Amino acid sequence: MSSNLLQTILHDETGTLSAALDAFGSTQGTVLYRGASAWGALGPGTSGQVLTSGGAGGNVSWSTLAAGNFSGPASSVADHIVTFADATGKLGKDSGVGIASLAPLASPTFTGTPAAPTQATADNTTKLATTAFVQAVVAAGDLQSFFQSAQQTITSAGLLTIAHGLGKIPTLINASLVCQTAEQGYSAGDQLYMGAIPLSLGLSATGFATAVVPDASNLNIRYGSSSAVFYTNNKTSGVSVSLTNANWRFVVRAWA
């Protein structure tokens, strides 16, 4: 269409802009574009096609999108989560994580070393308590502090002064005997829980067991003067027997 014809249409009293443009193409869906040397018209594309630019040096055209422009991994495993393999957003890879391995929101069971935020020690809600939270609460004195001694040698009439580090006088003290050499039916490694102390062991005779005087720093323990400090029951027969000092070690525990 010549420029003279276009000018005639536009200036004619009966002419309209639509009539002028119809000179390029009157089919619905026709697209007018500027070519390299003149205006042109691109006929209608088919349903679903998209208009594609040819850039500054090319004309527009219709393009048909490929069926699915996302490419998944060739060796995918059913019900595995697929993640992007690069930055294009078009290439996927198998993450190796199965849906079934994920913890549900309701009553999850975790494995490995799950982590959570550490709450303030004053928190009294249903939030998770991490090991760091527990340590902080214990350090702040909001829970009972605990002390356990090393295994102590038993010496008749001997004195033990054991630093407990609790910072105050313990409110509860108990002890146990740990067998070193088998005797009276007990094997090496067996522990005799002695309960709260002083330890009378149910024996009325003098010179047995221990006396404990705690203070804010130490557990002051005096063994009985008898040649066998502790007296108990034979593990097999239940007969009352004395224990050989050298065959046992004494362990004391305290709470404050």
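This is a predicted model: local features need pLDDT of at least 70, side-chain atom pairs count only at pLDDT 80 or more; totals for chains, interfaces and linings use all residues.

Visitor: What does lysine 235 form a salt bridge with?

Guide: The partner is aspartate 190, and the closest N and O atoms are 2.9 Å apart. In general, side chains of opposite charge can pair when their charged atoms come close.

Visitor: Is aspartate 190 buried or partly exposed?

Guide: Aspartate 190 is partly exposed, with a relative accessible area of 21%. The cut-off matters here, because buried means under 20%.

Visitor: How many salt bridges does a search of the whole structure find?

Guide: The search finds two. Aspartate 123 is partly exposed at 22% relative accessible area, and lysine 127 is partly exposed at 48%.

Visitor: Changing topic: how many aromatic pairs are found?

Guide: A search of the whole structure finds five aromatic pairs. One of them joins tyrosine 186 and tryptophan 248; the ring centres are 5.6 Å apart and the planes stand at 75 degrees, so this pair is edge-to-face.

Visitor: Which parts of the chain does that pair tie together?

Guide: Tyrosine 186 lies in the loop between strand S10 (172-179) and strand S11 (191-196), and tryptophan 248 belongs to strand S16 (residues 248-255). These parts are 62 residues apart in sequence.

Visitor: And do tyrosine 186 and tryptophan 248 count as buried or exposed?

Guide: Tyrosine 186 counts as buried, at 10% relative accessibility. Tryptophan 248 also counts as buried, at 1%.

Visitor: Which phenylalanine forms a stacked pair with phenylalanine 250?

Guide: That is phenylalanine 230, with 5.9 Å from centre to centre and 15 degrees between the planes. Phenylalanine 230 sits in the loop between strand S13 (218-223) and strand S14 (231-233), whereas phenylalanine 250 is in strand S16, and the two are 20 residues apart. Both phenylalanine 230 and phenylalanine 250 are buried. Together with Tyr223, they form one aromatic cluster.

Visitor: What about glutamine 49: where does it lie?

Guide: Glutamine 49 is found in the loop between strand S2 (39-42) and strand S3 (50-52). Its relative accessible area is 23%, so glutamine 49 is partly exposed.

Visitor: Which residues is glutamine 49 in contact with?

Guide: Apart from its neighbours within four places in sequence, glutamine 49 is in contact with Trp62, Ser63 and Thr64. Glutamine 49 and tryptophan 62 are 13 residues apart in sequence, and their C-alpha atoms are 6.0 Å apart in space.

Visitor: One last item: which residues make the nonpolar surface patch of about 300 Å²?

Guide: The patch is made by Leu21, Leu32 and Trp39. Tryptophan 39 lies in strand S2.

Conventions: Residues are numbered from 1 along each chain as its sequence is written. Side-chain values use heavy atoms; hydrogens and water are left out. Rings of Phe, Tyr and Trp (its six-membered ring) pair if their centres lie within 6.5 Å; planes under 30 degrees apart count as stacked, over 60 as edge-to-face and the rest as tilted. Helices (H or I, at least four residues) and strands (E, at least two) are DSSP runs, numbered from the N terminus. Buried means under 20% relative accessible area, exposed over 50%, partly exposed in between (1.4 Å probe, protein chains only). A salt bridge is a side-chain nitrogen of Lys or Arg within 4 Å of a carboxyl oxygen of Asp or Glu. Contact means heavy atoms within 4.5 Å. Patches are made of residues with over 30% relative accessible area and no salt bridge: like charges are joined within 9 Å, nonpolar side chains (Val, Leu, Ile, Met, Phe, Trp, Tyr) within 5 Å. Accessible areas come from the Shrake-Rupley method with a 1.4 Å probe; for residues, only the protein chains shown count as cover.
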